[in-house]
Amino acid sequence: MSPTNTAFSDPARAFLEGVRFAIMATVMPDGTPQQSVMWYALRDDHIIMNTKVGRVKHNNLERDPVVSLCFEDAYRYITVRGGV
């Protein structure tokens, strides 16, 4: 799978600009998912997140730079997946 750069729609952008958390899923060495609840910022068409070097998600992304992100607000949500 190769990531596609796509602009967010206006409704998606408005949703992502709200104050909420994201759940980031990365891939563990054994192929299982690892999830982290994280703060994020939307800058243009990029989701910006950070982590400390050496944490599980950092190590996972160094090995396999793909993620799945879920942004939720009760019954509404957006999912994004691709490369980092």
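1. Ala22 is buried, its relative accessible area being 0%. In this predicted model, Ala22 belongs to strand 1. With residues up to four places away in sequence left out, Ala22 touches Ser36, Val37, Met38, Tyr40, Met49, Cys70 and Phe71. The C-alpha atoms of Ala22 and Cys70 are 5.6 Å apart, although 48 residues separate the two along the chain.

2. Strand 1 covers residues 22-27 and is joined to strand 5 by 4 bridges, the two strands running antiparallel. Both belong to an open sheet of 4 strands, whose order is 2-1-5-6 and whose pairing is antiparallel. Strand 2 and strand 6 are at the edges with a single partner strand each, so one side of each has no neighbour in the sheet. From one strand to the next, the twist averages 20°. As background, the strands of a sheet pair through backbone hydrogen bonds, in a parallel or an antiparallel way.

3. Ser36 is one of the contacts listed for Ala22, and its own place is in strand 2, residues 33-38. Why does Ser36 count as buried? Its relative accessibility is 9%, and the cut-off for buried is under 20%. The side chains of Ser36 and Gln34 are joined by a polar contact of 3.2 Å. Beyond its neighbours within four places in sequence, Ser36 is in contact with Ala22, Ile23, Met24 and Lys57. For reading side-chain directions in a regular strand, the general rule is that side chains alternate between the two faces of the sheet.

4. Helix 2, made of residues 56-63, lies across strand 1, strand 2 and strand 5. Its direction is at about 50° to strand 1. Lys57, which is in contact with Ser36, falls in the residue range of this helix.

5. The pairing of strand 5 with strand 6 is antiparallel and extends over 8 bridges. One of the bridge pairs is Ser68 with Arg81, the latter in strand 6. Strand 5 and strand 6 form a hairpin with 2 residues between them.

6. Which residue in the turn of that hairpin has a positive phi? It is Ala74, with a phi of about 60°, a positive value in a residue other than glycine. The loop that holds Ala74 runs between strand 5 (66-73) and strand 6 (76-83). Ala74 is exposed, with a relative accessible area of 63%; the cut-off for exposed is over 50%.

7. Asp44 also deserves a check of its backbone. Its phi is positive, about 55°, although Asp44 is not a glycine. Asp44 is placed in the loop between strand 3 (41-43) and strand 4 (46-48). At 64% relative accessibility, Asp44 counts as exposed.

8. The C-alpha atom of Arg43 is separated by 12 Å from that of Ala14, with the two residues 29 apart along the chain.

9. For the chain as a whole, the secondary structure comes to 2 helices and 6 strands. Read from the N terminus, the order of elements is α-β-β-β-β-α-β-β. The radius of gyration is 13 Å, close to the 12 Å that the globule rule gives for 84 residues, so the protein is as compact as a globular protein of that length. Taken along the principal axes, the box filled by the C-alpha atoms is roughly 35 × 25 × 20 Å.

10. Of the 84 residues in the protein, 27% are buried. Among contacts with a separation of 6 or more, 50% come from residues 24 or more positions apart.

Conventions
Residues are numbered from 1 along each chain as its sequence is written. This is a predicted model: local features need pLDDT of at least 70, side-chain atom pairs count only at pLDDT 80 or more; totals for chains, interfaces and linings use all residues. Side-chain values use heavy atoms; hydrogens and water are left out. Buried means under 20% relative accessible area, exposed over 50%, partly exposed in between (1.4 Å probe, protein chains only). A polar contact is a pair of N or O atoms within 3.5 Å; within protein, one must be able to donate a hydrogen and the other to accept it, and residues adjacent in sequence count only if both atoms are side-chain atoms. Contact means heavy atoms within 4.5 Å. Two strands pair if DSSP finds at least two bridges between them. Axes are lines fitted to C-alpha atoms, for helices over the stretch in contact, and angles run from 0 to 180 degrees between N-to-C directions. The radius of gyration is taken over C-alpha atoms; the globule rule is 2.2 Å times the number of residues to the power 0.38.
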